[in-house]
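Trainee: I would like to learn how to read a few features of a protein model. Could we go through them one at a time, with the general idea before the case?

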Amino acid sequence: MMHGKARTRGLSRAALLLLTLILVGATMTTVAPSATADAPPRVGIECTTGVGGGATSPIFNLTTKTGYISLPDGNTAFMWGYSSGFDSFQHPGPVLCVNAGDTVTVILRNTLTEAASIVFPGQTNVLANGTPAQPQPTGPGAITSLTNTAAAGGGTVTYSFVAGNPGTYLYESGTNPEKQVRMGLFGALIVRPSTVPAGGAGGSAASEYAYNRADSRFNPSEEFMVLLSEIDPYQHQAVENGKSFNLNNYHPRYWLINGRGFPDSIADNGASWLPAQPYGALAQIGEFDRSAGAADQPGMARYLNVGTEDYPFHPHGNNGLVVGRDGRALEGPTGQDLSFEKFAINIGPGQTWDVIFKWYDAESYSPSNPVPVTVPQMANEEIGVFYSGSPYLGTKETLPPGIQSVNQCGEYYIISHNHALFQITSWGTNMTGPITYMRIDPPTPNTCG
Ligand SMILES: [Cu+2]
């Protein structure tokens, strides 16, 4: 379904899959802002790294804020969110990147009109203000928060923990989560190995590995985030207007990737028209060079589901290799490799999946080795705006008069999307929502921008 935007006629059967990305502003200590953040990458994960405390003791300052995001049907949604330091509202929260074994400190300042908090699923022995974090009872048998809170109107709480297993995690509000998480109080936490795994390649860096396994290596410049979420606009309207909301009536109408719906999802990180939605979801990769050995490594997609039901994500073209889930490598008790190839992956609420993927030209199709199908007459073709005019990677040909193309260098675009098709919508505007593309660039040197 839904292959109209990217024309894939004649592509090698060995295409592969999926998607996404990030941004990060400078984080700030409570003492002084950091001015050292590099310009954000145009695509791919944009980490927020901690400041202060030394290389293995990162400190993050997160502030709850309110704001609005743009949705593909032209609506806006009132949201709550975590922002870094004194940054303006953003959605989703900053992508926190740390190394295993780091002593991580997260200082939450809460500007909302009710108490809020952060839980770190998958991390153990979390402290709040120096003592073990505890659920907060509000009466006999009643708990409104799974952890210590920062009081409304400027309260703070300091969480700390030693980062555990490498992998992909959510962080989210533990306070009235059926309200606060839905309103947007969530983000991704990435824990990287602190050292190159045993048997890892000489000269490689620990950050090139997803886990403490030599076979979990990937290309750090092809690392993507797929953070999947949902919005019931009536709940957000109620919160904005200070009214109660009956959760029996909860019914999402929007579904998003990295806080954006398609086509905004394929725009660059930090796109100017999405000031509160910094994270794009385009997965831009190079053709995988099977002859290059260790010199070429596959891409990596980190999927997270912060919604309330399964999201069956489905890239087109090929399988991915599922190497981990929920912050744990897929391995047996003595380290046996239990990774597996999968086409559509079904990400449950609260789950994360780590998937390594690549695209290679299995059939070596080219103008001198043409695809064995008859190309339809032009009158029978529908040409999408990403088509190069040629079915061959790295080749551009003249398009018919009147056809507009944004293809840069003969690259391919392959759709990746939530395959629960009723969720491919923005309150009824079809073919929006959790859709993105995998972009494959031709081998270098190329003329891609
Ligand atoms: Cu499809």
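Trainee: Where is P92 found, and is P92 buried or exposed?

Mentor: Elements here are DSSP runs numbered from the N terminus, with helices being H or I of at least four residues and strands E of at least two. P92 is found in the loop between β3 and β4. Burial is judged by relative accessible area, where buried means under 20%, exposed over 50% and partly exposed in between, with a 1.4 Å probe and protein chains only. P92, with a relative accessible area of 1%, is buried. This is a predicted model, in which local features need pLDDT of at least 70 and side-chain atom pairs count only at pLDDT 80 or more, while totals for chains, interfaces and linings use all residues. Residues are numbered from 1 along each chain as its sequence is written, and side-chain values use heavy atoms, with hydrogens and water left out.

Trainee: Which residues does P92 touch?

Mentor: Contact means heavy atoms within 4.5 Å. Leaving aside residues up to four places away in sequence, P92 touches F186, L227, N258, G259 and Y279. The C-alpha atoms of P92 and W80, which are 12 residues apart along the chain, are separated by 9.2 Å.

Trainee: How many disulfides does a search of the whole structure find?

Mentor: A disulfide is a covalent bond between the sulfur atoms of two cysteines; the criterion used here is a pair of cysteine sulfur atoms within 2.5 Å. The search finds two disulfides. In one, the sulfur atoms of C47 and C97 are 1.9 Å apart, and the link is left-handed, with -70 degrees about the S-S bond. Because C47 lies in strand β1 (residues 47-49) and C97 in strand β4, this pair ties together parts that are 50 residues apart in sequence. C47 counts as partly exposed at 25% relative accessibility, whereas C97, at 10%, counts as buried.

Trainee: What is the torsion about the S-S bond of C409 and C448?

Mentor: That torsion is about 85 degrees, so the disulfide of C409 and C448 is right-handed. C409 sits in the loop between β22 (352-357) and β23 (412-418), and C448 in the segment after β26 (435-441), 39 residues apart. Both cysteines, C409 and C448, are buried.

Trainee: Which residues touch the most other members of the largest nonpolar core?

Mentor: In soluble globular proteins, nonpolar side chains tend to be buried together. A nonpolar core is a set of buried Ala, Val, Leu, Ile, Met, Phe, Trp, Tyr and Cys residues joined through side-chain atoms within 4.5 Å. Here the largest core has 29 residues, of which L62, L108, I118, F120, Y159, Y171 and L189 touch the most other members. Apart from it lies another core of 25 residues, including I257, I285, L393 and I440.
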